[in-house]
Amino acid sequence: MVGHKIECALMRGGTSKGIVICADNLPESTKSRSAMLIKLLGGDTFQADGLGGGHPLNSKSALVGISARTDADLDYQFMQIQPGRGVDTRAVCGNMLAAVGPFAIETGMVPATDPETLLRINDINLGSQVEVILQTPAGKLTYEGKHEIPGVPNFGAPIRIRYLNVGPVIDDKLWPTGNVCDRINGVDISLVNATIPVLIIPAAQLGWDKLPSFRDMNKREMISQILDLRDQVQRISGMDYDRSSVLPKIAVVAPSRTDANLAVRYFTPHNMHRSMAVTGAIALGYAAAVPGSTAANCAQQMEQVIAGREEFVIEHIVGTMALGMSFSKTDDKLTPKSASVVRTARMLMRGTAYLPNGE
């Protein structure tokens with residue numbers, strides 16, 4: 001960082017978009033970093049005076065650095081700037097993770113190999129090791145390819161992401177309430193904590209005759225209904241969150257009307273996601289495999305997924321997402337081991353950003 005300037009890149013990772021910065025260019029303290037990122041992306045709802053897009057999916061930041069760990073090449077720290085609400089440092093983002101490897105190669109942090117480059121990434125927020133494979137023919141990074149992600153208008157080179165240890169974050173419980181399913185105000189809910197805490201609610205028990213469409217996204221009464229349930233679940237689980245936090249996320253589920261295993265509308269949680277979060281999908285994949293959970297009660301054809309013979313497929317608002325899932329079983333207890341997904345990414349801009357007020 002020099003004066004009021006900072007070098008960064010604006011990148012799309014999966015279906016998210018955010019600022020990617022070399023961690024060495026930022027202050028060490030989380031408080032100072034948060035303050036700087038608010039200035040960089042914009043702290044108000046519309047983010048008119050910053051690089052944010054006025055929506056949580058377009059107001060993200062990824063901090064990248066060379067890892068000191070012997071089992072990792074890079075460190076990745078995610079920080080969610082919430083327009084009008086501040087910064088949440090406890091969130092995680094698998095979509096922006098797809099941009100970490102390309103940024104590191106583009107900035108010379110790590111070399112590329114032919115025809116692919118395998119990078120080991122230490123996800124600081126998640127406390128998990130992740131393997132990422134990038135397409136680098138002749139040792140040159142390429143964004144061109146034929147892989148399609150619903151929610152992204154252009155095709156791209158596939159980026160294969162594999163989470164090597166999928167387990168609870170923030171807390172050490174996979175089921176923070178102590179139960180696979182709880183009933184609150186006549187509504188069955190499951191709170192799962194695999195990769196990310198997700199509250200899973202059946203749409204039918206909310207009185208919703210169908211999963212909401214884009215036209216329903218601004219119906220604040222729907223958001224208020226699920227946030228009220230979230231507040232009550234947080235109290236019984238003992239997890240340290242408040243309504244301003246992005247955690248836990250919320251998934252409203254229903255049986256799929258296609259060949260997918262489960263239909264979902266994902267909330268971030270104050271807004272509906274415009275497609276599906278990677279980490280949220282992993283949590284749902286595990287919950288759908290555990291009998292008695294609200295996800296399992298709505299899911300179909302999970303036997304092949306649990307056996308590792310088929311991918312777990314989520315039907316979301318603009319298409320589907322497929323995950324490879326692996327599980328371990330001890331004394332009839334199923335626990336998640338690893339998960340994999342394919343994303344794309346693209347560098348949109350790289351240069352100098354200017355902070356307001358000369359800071």
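A salt bridge is a side-chain nitrogen of Lys or Arg within 4 Å of a carboxyl oxygen of Asp or Glu. I start my notes with that term, and I note that the model is predicted.

**Entry 1: salt bridges**

I looked up the pair Asp-73 and Arg-120 and found a salt bridge, with the closest N and O atoms 3.3 Å apart. The two residues come from distant parts of the chain, 47 residues apart. Asp-73 sits in the loop between β3 (60–66) and β4 (74–82), while Arg-120 belongs to strand β6 (residues 116–123). I then checked how accessible the partners are. Asp-73 has a relative accessible area of 24% and is partly exposed. Arg-120 is partly exposed too, at 31%.

How many salt bridges does the structure hold? I find four. One of them joins the side chains of Asp-71 and Arg-69, at 2.9 Å from N to O. Asp-71 is partly exposed at 34% relative accessible area, and Arg-69 is partly exposed at 40%. Another brings together Asp-188 and Arg-183, at 2.8 Å from N to O. Arg-183 counts as exposed, with 56% relative accessibility.

**Entry 2: helix α4**

Next I checked the length of helix α4, which has 18 residues (220–237). At 1.5 Å a residue it should span 26 Å, and I find its end C-alpha atoms 25 Å apart, so the two values agree.

Which residues of α4 are buried? I list Met-222, Ile-223, Ile-226, Leu-227, Leu-229, Arg-230, Asp-231, Val-233, Gln-234 and Ser-237. The cover over these buried residues includes strands β9 (182–184), β10 (187–194), β11 (196–202), β12 (249–254) and β13 (262–267). For reading the list, I keep in mind that an α-helix has 3.6 residues a turn, so residues three or four places apart point the same way. Just past the end of α4, Gly-238 has a positive phi of about 80 degrees.

Is Arg-230 buried or exposed? Arg-230 has 0% relative accessibility and counts as buried, because the cut-off for buried is under 20%. Its side chain reaches the backbone oxygen of Pro-248 at 2.8 Å. I also took the separation of the C-alpha atoms of Arg-230 and Asn-193, which is 14 Å. These two are 37 residues apart along the chain.

Pro-248 lies in the loop between α4 and β12. The peptide bond between Leu-247 and Pro-248 is cis, with omega about -5 degrees.

**Entry 3: backbone geometry elsewhere**

I went on to other backbone angles with a general rule in mind: most residues other than glycine have a negative phi, and most peptide bonds are trans. The bond from Asp-114 to Pro-115 is cis, with omega near 5 degrees. Pro-115 is in the loop between α3 (100–106) and β6.

Ala-138 is not a glycine, yet its phi is positive, near 60 degrees. I place Ala-138 in the loop between β7 (128–135) and β8 (159–163), and at 61% relative accessibility it counts as exposed. Asn-185, also not a glycine, has a positive phi of about 50 degrees. Asn-185 lies in the loop between β9 and β10 and counts as exposed at 64%.

**Entry 4: two buried loop residues**

Where is Thr-15? I find Thr-15 in the loop between β1 (5–13) and β2. Thr-15 is buried, at 16% relative accessible area. Its side chain makes a polar contact of 3.1 Å with the side chain of Ser-275. Leaving out residues up to four places away in sequence, Thr-15 touches Asn-95, Ile-149, Pro-150, Val-152, His-273, Ser-275, Met-276 and Arg-343.

Ala-23 is in the loop between β2 (16–22) and α1 (30–41). Ala-23 counts as buried at 16% relative accessibility. Apart from neighbours within four places in sequence, Ala-23 is in contact with Arg-33, Leu-63 and Val-64. I also checked Ala-23 against Gly-86, 63 residues apart along the chain, and their C-alpha atoms are separated by 20 Å.

Definitions and conventions. Residues numbered from 1 in each chain as written. Predicted model: local features only at pLDDT ≥ 70, side-chain atom pairs only at ≥ 80, totals over all residues. Heavy atoms only, no water. Helix = DSSP H or I, 4+ residues; strand = E, 2+ residues; numbered from the N terminus. Expected span 1.5 Å × (residues − 1). Buried < 20%, exposed > 50% of the residue type's maximum accessible area, 1.4 Å probe, protein only. Contact = heavy atoms within 4.5 Å. Polar contact = N/O pair within 3.5 Å; in protein donor to acceptor, adjacent residues only side chain to side chain.
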